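Please take me through this model in questions and answers. Keep it brisk.

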Amino acid sequence: MEFEPLDQFLQRRKKLSEIESLGHAPYPHKFDWTHTPRQIAGEFGGRTAEQLTAEPVNVRVAGRIVALRPHGKAGFAHLAGDGGRVQVYVRLDVVGEQLFRLFQLLDLGDIIGVSGHLFRTKTQELTIWVERIELLSKALLPLPEKWHGLTDIEQRYRHRYLDLIVNERAREIFQRRAQIIRELRAFFDRRGYVEAETPMMHPILGGATARPFVTHHNTFDMDLYLRIAPELYLKRLVVGGFDRVYEMNRNFRNEGIDAIHQPEFTMLEFYQAYSNAADLMALTEELLRGLVESVCGATKIPYGEHEIDFSRFERLAMREAIGRYWPAAAGAPPSSAELASPGGPQAVAERYNAFARAHAAEPIAGVAGKSGGELTGELFEAIAEGHLQQPTFIFDFPTEISPLAKCREDDPSLTERFELFIAGMEIANGFSELNDPADQERRFRAQVEKGGVDAPKEVDIDYIRALSHGLPPTAGEGIGIDRVVMLLTNSHAIREVILFPLLRAAAEEQGAAPSGSATEAGGPAGASPDKKSK
RNA sequence: AGGGGCGUAGCUCAGUGGUAGAGCAGCGGCCUUUUAAGCCGAAGGUCGUGGGUUCGAUCCCCACCGCCCCUACCA
C-alpha cells in the first residue's frame with residue numbers, strides 16, 4: 001500500500017533502502033535508553049555548561065524527530081517523547097562518515113535513538129552531543145506543517161495520531177483525561193467501593209430513556225442492545241450484597257451528535273446502600289471539589305467566558321429555578337406553589353409559550369397532552385438550565401419524569417432526585433433508588449404503555465424479581481465523564497475530549513493519505529447523562 | 001431536520017469568468033552552535049464530485065458528498 005503524497009512517500013522509502021544498504025536494520029527491535037526527552041530537561045535542566053564539562057553526563061535517548069536543521073557537515077534536531085523534547089547536535093567529525101550519512105538520510109517524523117553527553121550551546125540550550133545515532137523507525141509520510149500544525153478539525157479527528165504528535169494541547173487534554181479517571185477510581189476505591197463490569201450487550205433495554213444501537217449474536221440467534229445505561233445491573237449487585245459499587249465505562253445512545261453529545265460516551269455510575277439523594281449531593285460536592293483541586297491545582301477554574309467556582313455548590317428546587325430564571329418579558333414569575341397546584345404547570349407553560357411566540361423563542365410543544373410533571377421538567381429546561389453556570393444542584397424532580405427514583409415521603413408528586421449543572425451542562429444525575437418492586441413494576445408498565453420511539457418496549461421482569469429479593473435503601477448517581485473532562489480542560493466540544501469521536505465514514509480511495517480519505521468506520525457511539533436516569 | 005459558512009499543492013492559506021500563487025514540507029546545490037536556521041535552483045494541482053450557463057468555469061447556477069457553526073428534535 002502506498003499513500004499520498006506519493007512523491008514524498010517514495011522518496012522516504014528510497015532513503016530507507018539506502019539506510020539498509022549502509023548496514024542498518026530498518027526496523028530494529030530494541031533501543032536501550034536511559035532517559036526520555038522530557039526527563040533530560042527535568043533532571044539536568046539546572047546544570048550549567050561548566051558543570052556539564054566538569055562532570056560529563058552520558059545519556060541514551062529515543063524519540064521522534066520534530067525539527068531538523070542540517071548545516072552541511074553538522075546539524076541540529078529536536079526529539080520529542082514522553083511529552084517533552086530535547087535538542088541533539090550531530091557533527092561529521094564526531095560521528096564519522098557512515099553515521100553522518102545516516103543522519104543526512106533522516107526526515108522529519110523519523111524515530112531515532114542517540115547516545116552522547118549533554119552540553120549547552122551558544123544560546124545555552126541543553127543539548128545532546130551525539131556520538132552514536134540509530135534509526136529506530138522510518139516515517140514514510142511527512143508530518144503536518146511545522147508552524148501552523150494540523151488545524152483542520154476533521155483531519156485532527158480522522159488522524160488523531162497526527163494531532164497528538166503536532167498539537168501539544170491535544171496531548172495535554174488526553175493526559176489530563178487519564179489523570180481524572182485515575183483520581184475518580186482512587187476516590188471510590190478509598191471508600192470501599194467495588195468496581196464492577198456489567199454487560200454492555202443487553203437483551204432488554206433499561207436504566208435510561210434513549211434510542212439504542214441493536215446488534216446480533218449469531219450462536220444464540222439473538223438481538224441485543226448496546227447498553228444505554230448500566231443502572232439496572234449495578235442495582236442487582238447491590239441486591240447481591242455489594243453495598244458500594246461503581247462502574248466507569250461506555251454507554252451507547254443512537255441519537256444526535258452535537259457539542260455535548262457523542263453516541264459513545266463514558267459514564268461513571270455508583271451506588272451506595274443505606275444512603276439517600278442528599279448523601280450523594282454531599283459526596284458529589286466533595287468528589288468534584290477534590291478532583292478540581294488535584295487536577296487543576298485550584299478551586300476556581302476558567303471555562304470560556306466564565307470562571308467556575310467549585311468551592312460552593314448551590315442547591316435549588318426545580319420549581320424555584322423556573323421562577324428565578326423566568327424571563328422578565330413574560331410577566332410575573334410563577335411561584336413554586338402555582339407550579340405545585342393541579343393544572344398549575346399547564347397554565348405556566350401557556351404563559352411561557354405566549355412569551356416565546358412573541359420573542360422568537362421555541363414554545364413548549366403539546367402542552368395539553370402532557371402531565372404537570374413533564375411540563376415542569378420542560379419549563380426548567382427551556383428557562384433555567386442554560387443559566388446554571390456555577391455548580392448548582394437542582395432537586396425535587398417530578399415523579400413522572402423519574403421512573404427509577406423514590407418519591408419524597410411527604411409529596412408523591414416529587415422524587416428524591418437531583419441533577420448537577422455546571423456551565424449550563426448536565427453533569428450528574430442521582431437519586432434515592434426506588435426499591436419497592438410493586439411500585440417499580442407499575443412505573444415500568446406505564447412507560448411501556450405510553451410508548452414512543454425511546455420508550456422501553458418490555459418490562460425487565462428479572463429486575464423486578466431482583467427488587468423482590470430486597471434492595472436496601474440505596475442511592476445511586478451517574479456522572480458524565482466526558483463533560484467533566486471538558487470542564488477541567490476548558491474544552492467546549494465533547495469530541496475534543498474523546499480520542500476518536502464518531503465521524504461519517506469517508507469513502508475509501510486507493511492511495512488515500514493523511515489528507516483524509518481513509519475509512520474510519522467507527523462503531524456505534526454515544527454521550528451524556530440522561531434526563532430520566534443516570 | 002432547517003439556516004449559515006467552508007472545501008484550491010502533503011500542510012497552512014491567497015486568488016481570478018480567459019484552466020492558478022505564497023510560506024512550510026519534499027527534491028538538487030552551498031553551509032560545523034542552529035532553533036519558524038539561512039542563501040541559490042528546480043519541481044509539485046482533474047481548484048471536493050457531477051451536471052448546467054458561457055466562445056471559455058476553479059470562479060456564476062443546480063444537485064450531491066464531507067466538515068464546521070447556529071437553531072430545533074431525539075433527551
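The questions below go from the whole chain to single residues.

This is a predicted model, in which local features need pLDDT of at least 70, side-chain atom pairs count only at pLDDT 80 or more, and totals for chains, interfaces and linings use all residues. Residues are numbered from 1 along each chain as its sequence is written, chains are lettered from A and ligands numbered from 1 in the order in which they are written, and side-chain values use heavy atoms, with hydrogens and water left out.

Q: What is the mean pLDDT of chain A?
A: pLDDT is the predictor's confidence in each residue, from 0 to 100. In chain A, 94% of the residues reach 70 or more. The mean is 89.

Q: How many helices and strands does chain A have?
A: Helices (H or I, at least four residues) and strands (E, at least two) are DSSP runs, numbered from the N terminus. The C-alpha atoms of chain A fill a box of roughly 90 × 55 × 55 Å along the principal axes. The secondary structure comes to 16 helices and 19 strands.

Q: What percentage of the residues of chain A count as buried?
A: Buried means under 20% relative accessible area, exposed over 50%, and partly exposed in between (1.4 Å probe, protein chains only). Chain A has 534 residues. The buried share is 49%.

Q: How far apart do the centres of the positive and negative side chains lie in chain A?
A: Lys and Arg count as positive and Asp and Glu as negative, while His and the chain ends are not counted. Each charge is placed at NZ of Lys, CZ of Arg, CG of Asp or CD of Glu. Chain A has 61 positive and 76 negative side chains. The centres of the two sets lie 4 Å apart.

Q: Why do strand 7 and strand 8 each have one side without a neighbour in the sheet?
A: Two strands pair if DSSP finds at least two bridges between them. Here 3 strands form an open, antiparallel sheet in the order 7-9-8. Strand 7 (201-202) and strand 8 (214-217) stand at the edges, so each has a single partner strand.

Q: Which residue of strand 9 stands opposite His-217?
A: Strand 8 and strand 9 (residues 222-226) run antiparallel and are joined by 4 bridges. Opposite His-217 stands Met-222.

Q: Which strand runs parallel to strand 6?
A: Strands of a sheet pair through backbone hydrogen bonds, either parallel or antiparallel. For strand 6 (residues 194-195), 2 bridges make the link. Val-194 stands opposite Val-245. The parallel partner is strand 10 (residues 244-252).

Q: Which residue of strand 11 stands opposite Glu-247?
A: Strand 10 also runs antiparallel to strand 11 (residues 264-273), over 9 bridges. Across from Glu-247 stands Glu-269.

Q: Which residue takes a positive phi in the hairpin of strand 12 and strand 13?
A: Strand 12 (residues 300-303) pairs with strand 13 in the antiparallel sense over 4 bridges. Tyr-303 stands opposite His-306. The hairpin has 2 residues between the strands, and phi is near 60° at Gly-304.

Q: Is Phe-313 buried or exposed?
A: Phe-313 sits in the loop between strand 13 (306-309) and strand 14 (314-317). Beyond four places in sequence, Phe-313 touches Glu-285, Leu-288, Arg-289, Pro-391, Phe-393 and Leu-420. With a relative accessible area of 6%, Phe-313 is buried.

Q: Is Gln-124 buried or partly exposed?
A: Most residues other than glycine have a negative phi. Gln-124 has a positive phi, near 75°. Gln-124 is in the loop between strand 4 (111-120) and strand 5 (126-137). At 44% relative accessibility, Gln-124 is partly exposed.

Q: What is the relative accessible area of Ala-423?
A: Ala-423 lies in the loop between strand 17 (411-422) and strand 18 (425-432). Its phi is positive, near 55°. Ala-423 is buried, at 14%.

Q: How many residues of helix 16 are buried?
A: Helix 16 (residues 481-488) is largely enclosed by the rest of the structure. Its buried residues include Ile-481, Arg-483 and Leu-488. Asn-490, with a positive phi near 55°, follows helix 16. The buried count in helix 16 is 8 of the 8 residues.

Definitions and conventions. Contact means heavy atoms within 4.5 Å.
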